[in-house]
Each structure stands twice: as C-alpha cells, then as structure tokens.
Amino acid sequence: MNSPSLLRIAAIALAVSAPSLAEAGEIITQRDGFQNFHHLASTRKRAHVAFLGGSITQNGKGHTAMLPEWLRKQFPETDFTVTNAGLSSTCSVSGAFRVATDVLSRGPVDLLVVEFAVNDDQDAAHDRETAIRGMEGVIRQVRAHNPAADILMVHFINPHLLEKAQAGDASTSVAAHEAVAEKWNLTTVNLPLALAQATEEGSMDWERYGGVHPNQDGYRWATGFLEKALEQGWQARPDPAQVTAHETPASPLDPGSFGNVKSVSLSNVAMLGGWTLGKVGKDLLPVGAIRGDYLDLPVLRANEPGSMLYVEFLGQALTAFVLAGPDAGILEVSVDGGEWNPASLFHQHSAGLNYPRTVILAEDLSSGFHQVALRVSETQPEDSSGHAVSILKLGVVE
C-alpha cells in the first residue's frame, strides 16, 4: 500500500483516540520491564522520575506533566519527585555532557524517560555513530549512578521520521537509538511508527498531532503510549521482593560512547589574544536573540581571526558547547601539533538566534594526554556575518 503524503496527512481531520493494546504492541518494544520502579512506588512510597531531551521535553505542559499526573493516580500514596531536564535544540551528545549536572545531581533516578531522536535528526544531523555515542553515553551514566534505574526511551516525531516510518523504514537517529536500547535491554516507544499506523487507520494525523512540538491533544495521544509501555512492563513480571540491579553489558555498543565525561573549566584554558571571559548578554553577543536559559552564564568569546586557545586534557575526545549566532565563525583545531582541521559553528538556525549546539572538535584519539590548539579561522562560513566563537563549555570524553 502506498503511504499517504504529508500533504494528505495535513488535510485529514479526525478525532483523537488513546492507543489500544493492539496498537501499542506494534510500536512498543518491551525489553526489560519497570519492576524496580513499580516496587519502589508501591512499597517505599517515594520515587524520582526524570525526563531528559530537547524542547519537546522542556515543554512543561506535555508528557513531562501528563505522565507524572497519571503515575500519581496509579500510586496515590507515593511522593514523586519530578525532574524536567529538557533543553531546547540539544542533541544526545549534549545530553551526555549534561545528564550528570541536570539530572543525576538531584539524586538517584528511579525512572528516566529520554528522547533525542528528533534533535539528533533535524538539529544535529548526526550520523549513526554519533547518535549511538550520545545516547549510549546518557544510558551508561544513569546506570553507573544507579544500576537499578528503569529507563524508557521514546522517539518523538518530525516530518522526516514520519516519512521514514510510513515507508516501512527508520531514520538514522531512531535506528541508532534502538540499537542502544537493544544493547542495554531498554523498552522503547516508537511514535513515528505509531503515527504512521494511526494515520492509515484514521485515528490520528499530523495536523491533529500538532507538528514537531505537539499540541495538547498530540501530547495526550503520545503519553498514552508511555503509560501503556509502563503498564505492559509491570504486567509482564511479578514485583520483585527487592530492587535489583539491571545487568550491564560486558562492553558498550560503541567503545567511544560518551559514558565517562567531564567539563574543562573555561578559566583553566590558556588564551593568546582576542578572547574575553565574561557573561552571556548583549555586551559580548551583540547580534542575534539569546534564550533566557543562557543569559549571564560564563562564556569565552572571540571575534578576531587568529585568536588562539590551548587546552590540555586526558581523554579520547574534546567537545565544545557553543552559542552560534548570525556572526558564528569557524574554529580550527590542531591536536598534539598536528594539522589544522576546521569545525564550522554556524548552524541553519543561526540566522536570528545564538543557537545552542555541541560541536565535536576532536574524537577517536588515543587514550592519554593531549594538547589541543583552537584558532579562530580567517575563513567565514557562508551566510555568516562574522568570525565569532562563543564557548559555554568544553567537554572531555575520558
């Protein structure tokens, strides 16, 4: 059967319905259940639920509000702590570098709901390897912090992911994240597949769902699958007598995944002319909008070609979390005195916004000590108005 086009999808206006068990069984891949979480919520009467993802998660009125509301109805005597660690535009690599500070610093997680398929696809445009390394980095850190943590991975929807599902295929990001879930025995919810099936059945469509950022009906529809995934997991096995650690793979899916990371203090880098260590604001970033998430944070800023930074670290990779505005430039990277390689910071969404993004400056290095030189390039990216580099964080993969 030929898949309907997005234009046809947008023209359909049908009532929203909750997923049936049969529908959920086709788009929910049950692996390890959620018995630890169920046991804690039932007996200890308290549990920590955390959400990690991009802007779809950051929206405080979507699944991050609806799922805890549903959990409180299932366990009315339980005190739930809810952490929403969604951050607009960020990918799984960014997630790997912030899960410790944004989630794990708030205590052991009993249930993590994680989504990055959309942003790994449309924002970061990651290849399979990078999408695996980012997502597996998140999972490895959460399980290292609390081996008993239950994890639900959900793939949200954009037009490309939906088109792939309608064609009977999976996008690079969905396939990569599913590979991580298979390795770590995690249950997943494939919403692009769910919407493709629902569109054929006439129970939901792209317009009613609300687009990349779902409307309330879309969030309610999506959250129904998350609820069903938890219920199915609980029903699959009896509650354990006590919380038990999940089995950890003998080796990661990718040895280069970002499971052991740390930040490099901006005050510890050596600067050679042209750099200013200040705070995010219009004084240092005069062009482009600045999201409130970043105002007044420390930033290392340079505008002039030839401005140099030197970073020393023990590890296998170096990353930078930057704000890439309309004037974003190119950062040239030399590892251990080697040749200079360009890393363009300008992004398709940089035209009117200091766009937050993680850029991998060097990877697959030999384990050990490295000296990296960073230089603002004389070359200007196409469509950029300048050479600016605005670094919020430097990250090392050990």
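User: How many helices and strands does the secondary structure of the protein come to, and what makes a stretch count as one or the other?

Analyst: The secondary structure comes to 13 helices and 17 strands. Both kinds are DSSP runs numbered from the N terminus, a helix being a run of H or I with at least four residues and a strand a run of E with at least two. This is a predicted model, in which local features need a pLDDT of at least 70 and side-chain atom pairs count only at pLDDT 80 or more, while totals for chains, interfaces and linings use all residues. Residues are numbered from 1 along each chain as its sequence is written, and side-chain values use heavy atoms, with hydrogens and water left out.

User: What pLDDT does the protein average, and where is the pLDDT below 50?

Analyst: The pLDDT, which is the predictor's confidence in each residue on a scale from 0 to 100, averages 92 over the protein, and 94% of the residues score at least 70. Over residues 1–25, however, the pLDDT is below 50, although this stretch has 49 contacts in the model beyond near neighbours in sequence; a contact means heavy atoms within 4.5 Å.

User: How do you know whether the radius of gyration agrees with that of a compact globule?

Analyst: The radius of gyration is taken over C-alpha atoms, and the globule rule is 2.2 Å times the number of residues to the power 0.38. For 398 residues a compact globule would have a value near 21 Å, and the protein has 22 Å, so the two agree. Along the principal axes, the C-alpha atoms fill a box of roughly 60 × 50 × 35 Å. Among contacts between residues at least 6 apart in sequence, 84% join residues at least 24 apart.

User: Why is L104 called buried?

Analyst: A residue is buried when its relative accessible area is under 20%, exposed when it is over 50%, and partly exposed in between, using a 1.4 Å probe and protein chains only. L104 has a relative accessible area of 10%, and therefore it counts as buried. L104 is found in the loop between α6 (92–102) and β4, and, leaving aside neighbours within four places in sequence, L104 is in contact with V99, V109, Q141, V142 and H145. Across the protein, buried residues make up 58% of the 398 residues.

User: Why does V269 count as buried, and which residues is V269 in contact with?

Analyst: The relative accessibility of V269 is 7%, and this is why V269 counts as buried. V269 lies in the loop between β7 and β8 (270–272). Its contacts, apart from neighbours within four places in sequence, are V264, L300, L309, Y310, V311 and L394. V269 and E312 are 43 residues apart in sequence, yet their C-alpha atoms are 7.8 Å apart in space.

User: Why is P255 called exposed, and where is the place of P255?

Analyst: P255 has a relative accessible area of 66%, so it is exposed. The place of P255 is in the loop between α13 (216–236) and β7 (261–264). From P255 to G306 there are 51 residues in sequence and 35 Å in space, C-alpha to C-alpha.

User: How do you know that helix α3 is mostly covered?

Analyst: Of the 10 residues of α3 (residues 35–44), 7 are buried, namely Q35, N36, F37, H38, H39, L40 and A41. These buried residues pack against several elements, including β2 (46–53), α5 (63–74) and β3 (79–86). After α3 comes K45, whose phi is positive, near 70°.

User: What is the phi of A125 and of D364, and why are these residues called exposed?

Analyst: A125 is not a glycine but has a positive phi of about 50°, and D364, also not a glycine, has a positive phi of about 55°. A125 is found in the loop between α7 (117–123) and α8 (128–145), and its relative accessible area of 58% is why it is called exposed. D364 has its place in the loop between β15 (355–362) and β16 (369–376), and at 52% relative accessibility it therefore counts as exposed.
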